[in-house]
Structure formats: C-alpha cells, structure tokens
Amino acid sequence: MNEPLDAWGTPGYFLLNSTCLRAVAIHQEYEVSGREEDLRLAIEGFELVLDAARDIDIRFAATNGLGTAIWSRFERYGRPEDLDRAIELFRGALADYPNETTLEGPAVHANLGAVLQMRWRITSAETDLTESVTHFRAAVESTVITSPRLTGRLNGLSSALCALYVHRGDSSALSEAVTSGEQAVGYAPGDPANGATAYSNLAETLRIRYHSPISRGPADLDAAARHARIALAAVEHNRLLRPRFQANLASVLHDRFAAVGNPGDLTEAVALAGKALRATPAGHPNRPERLHRLSTIEASLALFYRGPRRRGRPVTAPAALSPRTPLAWLAATGPAPGRPERRALRKLTKRAAAALAGVPAGHVLRSPMLLGLGTALATEASAERNARTWQRAQNTFRRLAYDPAAPTEIRIAAAWRWAATLLRTEDPSAACAPLELAVELLPRTAPQRVTSADREQSLGNFAGLARDAAACALHDGRPHRALELLEHGRGILFAHALDRRTDTAELQRLHPDLAERFERVRSGLNRPDDSGFSTGSATAPGGLLGGEERHLLAGEWDELVDTVRRLPGFEDFLRSPQAGDLIEGLPPEGPVVIVNVSPLRCDALLLVSGELEVVPLPGLRHDELVERAGAFRSATAKTGYAHQLPPAESAAANQTITRTLEWLWDTVAEPVLRSGALRDPAGGLPSRLWWIPTGPLTLLPLHAAGRTSTPDISVLDQVVSSYAPTVRALRTARRTEDPGPRPPRLLAVALPTTPGLGDLPGAATEVSQLRGRRPDSLVLTGEHAVRRAVLDALPHHSWVHFACHAVSSADGPTPGYLALDDHSSAPLTVTDIARLQLHTAELAYLSACSTGIASDGLHDEAFHIAGACNMAGFRHVIGTLWTVRDAVAVDLADHFYAALEPTGFDSAHAAFALHAAVRRIRDENPNRPALWAQYFHVGP
C-alpha cells in the first residue's frame, strides 16, 4: 500500500503544512490591509491544501482556515452562499474529531458560533442563534484563563447572548451578555488594540441595556461611549474595523443625545455615521445597516416638533418615533414647516428607502427599516399635506402590520401608526381594522418565556392602544366589540396570573396525565426569575428560574394549552371570553362601570342586568385628564408632609385635590349615576358600583368624586364603590367560593420602625387594636418582619394586614415594594406578591402609602402592590392612592375592623366596612379629602 503524499515527516507533509500556514498569514494581512488580492490568494491557498491533503490535522487546519477566509469574503461582498459554505466547513472540521478535544477545537467552535450569528442576522432563524450561543460556550469552557484568545471568545459569547436578547426580548440573556463582555475586556491584553473588538461590542451591549428593563440609566451610555472611544482609537489604521467602530460610537452618541440633549453628541454622531457609511462599499453586508443608522441619526436633525424650530434649540425626534403616542402625534397641529425642513424630510425618506432596498427579505433589520420608512413617509406627508405620500405611508404600515414574519412589537407599532394615518385622512371607523389587529397581537408582546420585567416594559411601550381601539369601535357603533378589545388588551399581566390559577379539576378528572403536566409546568413558571440566562439554581425545587429553562417551560406551556383545546369540552380553555360571556355572571347588586379614556373620545360602558349601555362623557378630555392627574399627584405628594409646608402651599394643594374631586363628579360620576343604572338597595344596604377606570384615570379617586362643600353631592353618599382591574378579574373573584362568616386566620405585619425610613408609631397601635379583636392573629414585627418570613406565612393565613411603609413603582426605577425590616437587601416586591398562588386568601389590608399606583405605562395593568395582592388570590384588597397619615391610618383601620366584627369577620362585607370607615373620617374632616379619599376597595 502506497504511503500518502502528506504522511508525517515526508516532504509532502511539510510542504502542505507550510502552504497552509502561508495562507493563514496572507489572510491575516488581508484583515489589516483589506486588499482583495490578499483574500483571493488566501482562499486559493487553503483550497490547494484541501485538494491534496489526507492528513487529518492538516485538513482540520485548512478547513478551519478556508472557512474563516470564506467568512471574510461574505463580509466583503455579502453573498449568503459564502456564509452557508463557511458554516458547512466549520461543522466539517468539528466532525473530523467527534470525540476528541483538539488544540484548535475551541477556535472552530468560536468561528462557527460567529458565522451562525451572522446568518441569523440575514434569516432571523432562531435555531442559528441558539446554536451560536452553544458553540461560544463550548469555546469559552475549553479555553484556559491565561490564553490570549479568551478575550475574543468571551466577546463572541457576549455578542451572541446580546443578539438573543434582541431576538427574544429576554433580559436575562442581556444580563449575561454584559457580564461576558466585561470579562472579555478584563482579560484583554494590556494593548487595547488586541481587545478593540471587545471594547466596541461591550459599548454596543451597554447601549442596548440602556433601553432594557435592567437599565442603569444614562450611566450605561456614558460607559458605552468610553469603551467605544477606546476601541476606535485602537484601530486608527485598520480599514476593516474602523468603519464598524465608528458606526457603533455614532449609535451610542445618538442615544445619549436623546437621553440628555447634548447637541455636541448629535453633531459627532452624524459625522461618525457618515464616515462609516462612506468607508463601506456597495454590496457590503453592513452597508444597509449603516445607511439605516445614518438616516435614523439624521432624523433627529431633520424632524421637528409641530411648531417652528428655534435657533440654538436641540431638535429631537418627535412623538412619531414612539409607539406609545402615534395618535397624539398625528393629531398635533402647528405652523407649516419651511422649505428647508421639507427638503430635509424628503431627504430622510430617500435615505430610508435606500437603506431598505439593500436588505433582503428575512433580514433582522428589514422590519425596523420598513417601519422607519413608513414613519418618514407619514412625517413628510404631514408636513407637505400630500395625499399621495399619506397613501404610501399607509401602504407601508399595512404591509408590515400583516407580515407574519415580522417581530410582533414592530407589527403592532406599524398597525397603530397605520391607524394614525387613517385618522388624519379618513373617518375614524377606518382605523378600526388596524387597531383591532394591533390589540389582537398585543398579548404576544408579553410571553411567559421572558422575565417579568421584560413583559412589563413591552406592555408599557403600547400603553393606550386598547383604549384607542375601543374608542374607534364605539365610534363605529360596536360597544360589545369595544368591551372585548378592552378586556383583551388591558390587564394582560393579570390574565397571566388568572391563567396560572385556573381550576384544573375537570381536566384532572378526564385527563389526569395532562393535568399533572400542566401543574408541573405551571409551578415551574411561577418560580422567581434568575438574573442570568443560564445561571442560578434553576434545577433545584423552588430555585431560581434561568432564561434557558424558562424558555423551555413556556414552550411546553403553549404546547399543553393547544393540546387541551383540541379535547372535546375544552375548546375555550384559557381563551379570552367574548362580550356575552363577560356580561353574564356580573354582580346583581349594581353596575360595573368601565371608563374608557382616549384622545379620540371618552365614554363609560355600563354593564348591568346582562346589558351593556354606553354613556358618552363629552366633558372628559384626554389631554385635560393627563394634566389634572399630574397636578393631583403633585398635590397629594405634599400631603405627607403638609405640616412642614407654608400654609399657603398646603392650602393650594388641598384646593387642587378638592377641585379635582369636583371635576371628577362633573365629568364622570354624575353622568354615570344619573344614567339610571343603579339598582335599588336591598336589605337596607347601600347600592353597589364597581369602577374599572383606564389610563390616567386610574390615578384618581372616582369613589370620592363630589362636592365636599355640598351634602349628598358625592359618590360616597350615593353608592358603595369598589374597583376591579378587568371584568374577567371581577367575574373570577365572584366565582371563587365565598368562605362565609368563619373566623379568619389573620397575619399582621407591623413596622413601627424601619431601617432607613421614618418611624410609624401608629403601626404598633394598629396591630394592638387588631389583636384585641383577633387574639389568635400571628404578628410579625421588627426584625421578625422580613421578606422570607412573610412569604412563608402568607399561604397559611386567609387575611393579612400590613402596617408599614410602601414604595410605589411610580416613585422610581425600582419595582413597587412593601418596606419590611430587610427592605434594603430583600424588598417584598410587586412581582414577589403577584407570583404567589394563595388558594384560601380572602382579605389583604394595606395600611401603607400609594399601594394602588402603577408606574407610567402600566396603569391599565393594575401592576401595583394592591393589584399584586389581587393577582395572588386575595378576593378583597384595601389599598391607597397616595400618602396616608399615621394617626388617620390607625383610626380608619379600627373603624374598618369594628364594622366587620358584627358580621363574624365576613370578608364579603369588606366594601361596606371600608365605606363606613371612610365616611366616618370624612364626616370629621369634610374639607380635607387628602386624609380619607385615598382608601379604596378591590373585589366582589
């Protein structure tokens, strides 16, 4: 048998090996020089070696080298077939050593991870992205800490995880991406040039984090700018890397301009983005992205607010670029723009169209570019008053809204903007179709596979959408459809909680195996989120839930729901109810009143006796509501330290509160009450009414609307008010078995002193009085009132009374929480409470400040402390809308429990007890509503 040409030690072996090494060196020269001839020679050299070599080690090195060179050719010319071939070559190299670890194996894993990520960018195939993460992990795990290649592999892992966040919207992947990126920079050699790519990619990752739920605020952008400048300075003479790093720095500076308004950042961003584009040849795969980046940055110069620009004033993109306010943007009016502004807008549109033209179908950037083109067209049409341009904008938005391959968030934004353009050019009824499409898609933006914070941010991006859709449906004369849209597009987080609490007894009886799987997945998804994608004790019972496992469990949940729905009798399992089903089973004691507020119109939907009545509210205007709600919040914020204010300022705050209550009476309460929907009182009890406010109206006390100076002109004097987040939530609470007048198991949590916060001496008095009525209560106070102890105790008690400080999510970037003794290290957050499954819970009394206030953008989700208690299973919740006075809190709590005591502490009387307690305080302080109007009841 003849010996192979390249047998070890033969001249052929050394010739092929040296030829392979020469090809590697030529390719390295190309990466610095960018000369096309170098790339061609490198590819020819590797192919020559592969044609002749039989030695597995030489073939491995040549296959990896050829894959790397073909990858470079893709980056230069953008031919997808080059990318496919590079992936095939790297996979082939790994297949040559299926069960053996080689010295160059980690490099091939890293290369394969990188090209898979690149292919994801042009195809949006999630499998490529998840495989990319897997290969980068393998590369990192096989690289010793002293290796100079560790920086590049950690950087690759960071980039893949960041891309996974962009694709899935799961911030646990982004958190791990930042960690890996920081490690990459930390392991970079002393010369920044060797770690330049790591610095630049970390800058981009931090820029993306700034826009995420785990943002560190503008500090992220400052750090990103520092890293991006280090990277750019290190590649001054590198023709291939310099344009990329210029483009990255341009993005960071543009975002920082939008955040803090420094015009110098915008000027530099435009210059850098222009340089990056000019250095990127036609056909280069990054050229469309850089053209899109430049057009986006130029939009901040070209676009203007609806009035004339003033010299020296930094101009930012208008509300058109925000998905949250398209209707308000297009409704805006102002002087017609001048010729230079119109010319700039036309240039912007051309840039957007040119960027889109270079992006193939399926590319991850195609959908955002299409949305950008539609927005540019709509802005130009608004400025030019041009019907043809309006039509082009509408067609662009329509095309994107109905594209099933586009990301859900972008489809919704396109549909909402499509509706906005229709409202400028046609009857409001024409906007119904795109708005209804957007609302139908909305729950998909908050899938269970991402963290709770991700779901909150996604829903906040589309605040007001369901209300606009309902307003259009009402204009179209379809009130039942309006009700369905409000139920489908509001309270989505609450719906998730109800789904996880759904009764599976019938499924258990007929299909026990499916019921067992459902319970296992439900329990898994209820575990607290881990901050990392693959870290944490996710495999331990009750441990943290990492991103990878959460994704798998969410997929299994969706599969199970689909399977159950195919079973006879389970077709509507976990489906949103229709209008007819919503109206049935509502309380017979009084109406349910949904107050829908939108820039288009405001109405009250009254559900009573199986009927739906619409009461138009012409006196309620959305813009005025927003203004009054802001002023009211400012005034109530001062009531917590009114004794420290000058008398005039305290009187002004009280006057604002009083006038707001009068305005609520005139615009909302009186039209509703005089509609005739109230039921005659039965058994000597007052009439009931359930409010479901929407949008900014959730910040205001409808239950206390009235004229404090005029007897009986007040909601408090005519009905017993309660609240509900959605109709479905109220129906579910009513269907839950009422325990009746049996002694409750009561947990009292009191913190007269709290580390870092002011003293609440009344908290001890509250609990002392409560224990006098219920001696068997379990009391946690002082150092015993900590998060873990409360969470452990809650499942064993049907009633809970909190007397402590609270922080609402509207007060800052942190989630709302109850301030227990260990709040600085382990706050009891809204998410902690909402995740609980308390099957015997009856009543939660929150004697704390602002427990019913959600963060901006989540008013329609009832995602605040009181709402979280309701989600956890408490049928009745007593909450507050602003600061409570310590002494008043003591008296009101005592009056409340005193009213319940004759009923045998029957929680079904909670609304009546609170009503009586509030009226008693009101009668003592009729002209000081800040003392008593903040208390409200949620429940049946």
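Predicted model: local features only at pLDDT ≥ 70, side-chain atom pairs only at ≥ 80, totals over all residues.
User: What is a salt bridge, and how many does the structure hold?

Analyst: A salt bridge is a side-chain nitrogen of Lys or Arg within 4 Å of a carboxyl oxygen of Asp or Glu. The structure holds 57 of them. Take Arg207 and Asp255: their closest N and O atoms are 2.8 Å apart. This pair links distant parts of the chain, 48 residues apart. Arg207 is in helix α9 (residues 196–210) and Asp255 in helix α11 (residues 241–260). Helices (H or I, at least four residues) and strands (E, at least two) are DSSP runs, numbered from the N terminus.

User: Are Arg207 and Asp255 buried or exposed?

Analyst: Buried means under 20% relative accessible area, exposed over 50%, and partly exposed in between (1.4 Å probe, protein chains only). Both Arg207 and Asp255 are buried.

User: Which residue does Asp529 meet in a salt bridge?

Analyst: Arg550, at 3.4 Å from N to O. Asp529 lies in the loop between α25 (512–525) and α26 (547–565), and Arg550 in helix α26, so the pair ties together parts 21 residues apart in sequence. Asp529 counts as partly exposed because its relative accessibility is 25%. Arg550, at 1%, counts as buried.

User: Where do Asp717 and Arg919 lie?

Analyst: Their side chains meet in a salt bridge (3.6 Å, N to O). Asp717 is in the loop between β4 (688–693) and β5 (720–723), and Arg919 is in helix α36 (residues 910–924), 202 residues apart. Asp717 is partly exposed, at 24%. Arg919 is also partly exposed, at 30%.

User: Which residues are linked in a network of salt bridges?

Analyst: Glu436, Glu440, Asp476, Arg478, Arg481 and Glu484. Glu484 is also one of the buried residues of helix α22.

User: How many residues of α22 are buried?

Analyst: In α22 (residues 479–489), 8 of its 11 residues are buried, so by the under-20% rule the helix is mostly covered. Among them are Ala482, Leu483 and His488. Just after α22, Gly491 takes a positive phi of about 60 degrees.

User: How do I read strand pairing, and what is the order of the open sheet?

Analyst: Two strands pair if DSSP finds at least two bridges between them. Here 3 strands form an open sheet in the order β9-β10-β11, with antiparallel pairing. β9 (805–807) and β11 (828–829) stand at the edges, each with a single partner strand, so one side of each is left without a neighbour in the sheet. β9 is joined to β10 (residues 817–819) by 3 bridges. Ala806 stands opposite Leu818 in β10.

User: In which sense do β4 and β5 pair, parallel or antiparallel?

Analyst: They pair in the parallel sense, over 4 bridges. Arg688 stands opposite Val720 in β5. Both faces of β5 are covered. Val720 and Ser722 are buried on one side, and Ser721 and Tyr723 are buried on the other.

Key: Residues numbered from 1 in each chain as written. Heavy atoms only, no water.
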